[in-house]
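Okay, everyone, let's get going. I'd like to walk you through how the two chains in this one meet.

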2 protein chains.
Amino acid sequence: MPETPGPLLIIGGHEDKEQDREILGKLAGMVQGGRLVIATIASHKPEGYFDSYREAFGALGLSDLVELYVHERSDSSTSEALALLDGVAGVFFTGGDQLRISSQIGDTPVEKRIQEIHAAGGVIAGTSAGASVMSETMLVKGASSETYRIGELHMAPGLGLIRDVIIDQHFAERGRYGRLVGAVAHNPRLLGIGIDEDTALLVQGGVGEVLGSGAVYVVDGEEASYSNVAEARAECALSIHDVRMHVLSGGNRFDFAARRPHSAARPNG
Amino acid sequence: MPETPGPLLIIGGHEDKEQDREILGKLAGMVQGGRLVIATIASHKPEGYFDSYREAFGALGLSDLVELYVHERSDSSTSEALALLDGVAGVFFTGGDQLRISSQIGDTPVEKRIQEIHAAGGVIAGTSAGASVMSETMLVKGASSETYRIGELHMAPGLGLIRDVIIDQHFAERGRYGRLVGAVAHNPRLLGIGIDEDTALLVQGGVGEVLGSGAVYVVDGEEASYSNVAEARAECALSIHDVRMHVLSGGNRFDFAARRPHSAARPNG
């Protein structure tokens, strides 16, 4: 029987850990009593992350948790690190710096094992930096709360768990519309996905479903009629015309192959 | 000879007053040595506004400035206030609270005189609150840096100098994409115009041209295929699908009747 890749749970940061815990509860449900690896690799100092998630998941009845951290890149080839990933139901990348994840585990045995877990049906979740790193090309350190300036390249290769998209997080809260549109302008093959805090996109079988209290913004530049991203002087503000945009809230779905949203009310609409 | 309405210079706030002064220089040029009224009405305490603009316009060679302030609504019917508006070339509304402008001069002789100045070809400029108040329906006190929540109505009637649009300012800087899309969702007849700081849209003859260092965002909901704005519970995040969006930077133009942008490179493109 051919294996089907597992779900991706892409979280925009600051998910509720103390009240409803809608998003973490969904993750706990998908793990179904199995072991979840909390990968705190994005953080330069991992202290505290694991404990706060142990508390939140404990309250949700999920107690089989292990922490995966790498102090330096060579740690990502050790048998100790690989043993942590044996027989697990899923991996959850916590927040910090997405570049730390990609630079410390990219193209190592640990990354290969995580890709295998996903390919075999395991769930891969990530919040904040852990969300950004899932995409093929990821955003790194672009300015928030301003219009994109031509020549500001803030992209690097991510883990590629999801293709043809570029993900941004803390989206409305940090005013990141400008930088996501700027990223999409460079090559509209990539669909821009901006995820608010306490909000997630659960991607499975080519369809994403929105969970949580905020919105997911989809920026589709496929029909853009003009952009100055390759022409203008570096300090110029971005110009791009005819971008299609969707604001998706809880229950809405998005079909990646068709690049089309569906409301909960009209699942085929 | 029939009169042609004058230009509107709609500024997103924090326009450069000390360096290039591109936007204020454009306004000074349009006044052409005539008198400019600095209307500081948006401010609860007008002290300081007039002086800072006197300095900036003085450096641009425009010295015939008078200040118009109203302490209370009854001031807007006085012959003193009306005398300040006699024979002027233009009126510039400074920042503060747009509701103070609409509530203190709306439907008064002062407002009528300002509309007459515009109708007769005079320039009307406004920055920040002075920009918002120009539209038919204006945004008031909506939350920044978050996705729009259904039921958050933060709109009030503006001066209506420009029809069928709703204007927001400090746009990228304060993360106001969510609230402008929310406003547009209520009735896509209104085109959403979000203007960055130190950026302006100069509207004349049904065409807007972008000036300054940032961008103007146009949010067009005409082709939206779904929105939950009338359905969902009040605390729900907005959902709207198939919004068309344009990011316009310096030199780009927008044709309001056609709802179409043009790049500077292709004026008829």
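So, strand S14 (residues 240-249) of chain A and strand S14 (residues 240-249) of chain B run antiparallel, joined by 5 bridges. Strands here are DSSP runs of E, at least two residues, helices are runs of H or I, at least four residues, and both are numbered from the N terminus; two strands pair if DSSP finds at least two bridges between them. To pick one bridge, A:Val243 partners B:Met245 in S14(B).

Quick housekeeping. This is a predicted model, where local features need pLDDT of at least 70 and side-chain atom pairs count only at pLDDT 80 or more, while totals for chains, interfaces and linings use all residues. Residues are numbered from 1 along each chain as its sequence is written, chains are lettered from A and ligands numbered from 1 in the order in which they are written, and side-chain values use heavy atoms, with hydrogens and water left out.

Now the symmetry. Rotate by 180° with 0.0 Å of shift along the axis, and chain A superposes on chain B at RMSD 0.0 Å (least squares on the C-alpha atoms of residues with pLDDT of at least 70 in both). So the two copies are related as by a two-fold rotation axis. Which residue of chain A comes closest to the rotation axis? That's A:Gly175, with its C-alpha at 2.0 Å. Both copies use the same surface, too: 100% of the contact residues of chain A recur in chain B, contact meaning heavy atoms within 4.5 Å.

How many residues does the contact take from each chain? It takes 37 from chain A and 37 from chain B. The buried area is about 2,800 Å², with carbon and sulfur atoms giving 46%; that's accessible area (1.4 Å probe) lost on putting the two parts together, summed over both.

On to charges. The rule finds 4 salt bridges across the interface, each being a side-chain nitrogen of Lys or Arg within 4 Å of a carboxyl oxygen of Asp or Glu. One salt bridge links B:Arg244 with A:Asp242, closest N and O atoms 2.5 Å apart. As for what chain A brings to the contact, S14(A) supplies the largest share of that side, 10 residues.

Last one: A:Arg253 and A:Glu209 also form a salt bridge, at 3.4 Å, N to O. A:Arg253 sits in strand S15 and A:Glu209 in strand S11, so the pair ties together parts 44 residues apart in sequence.
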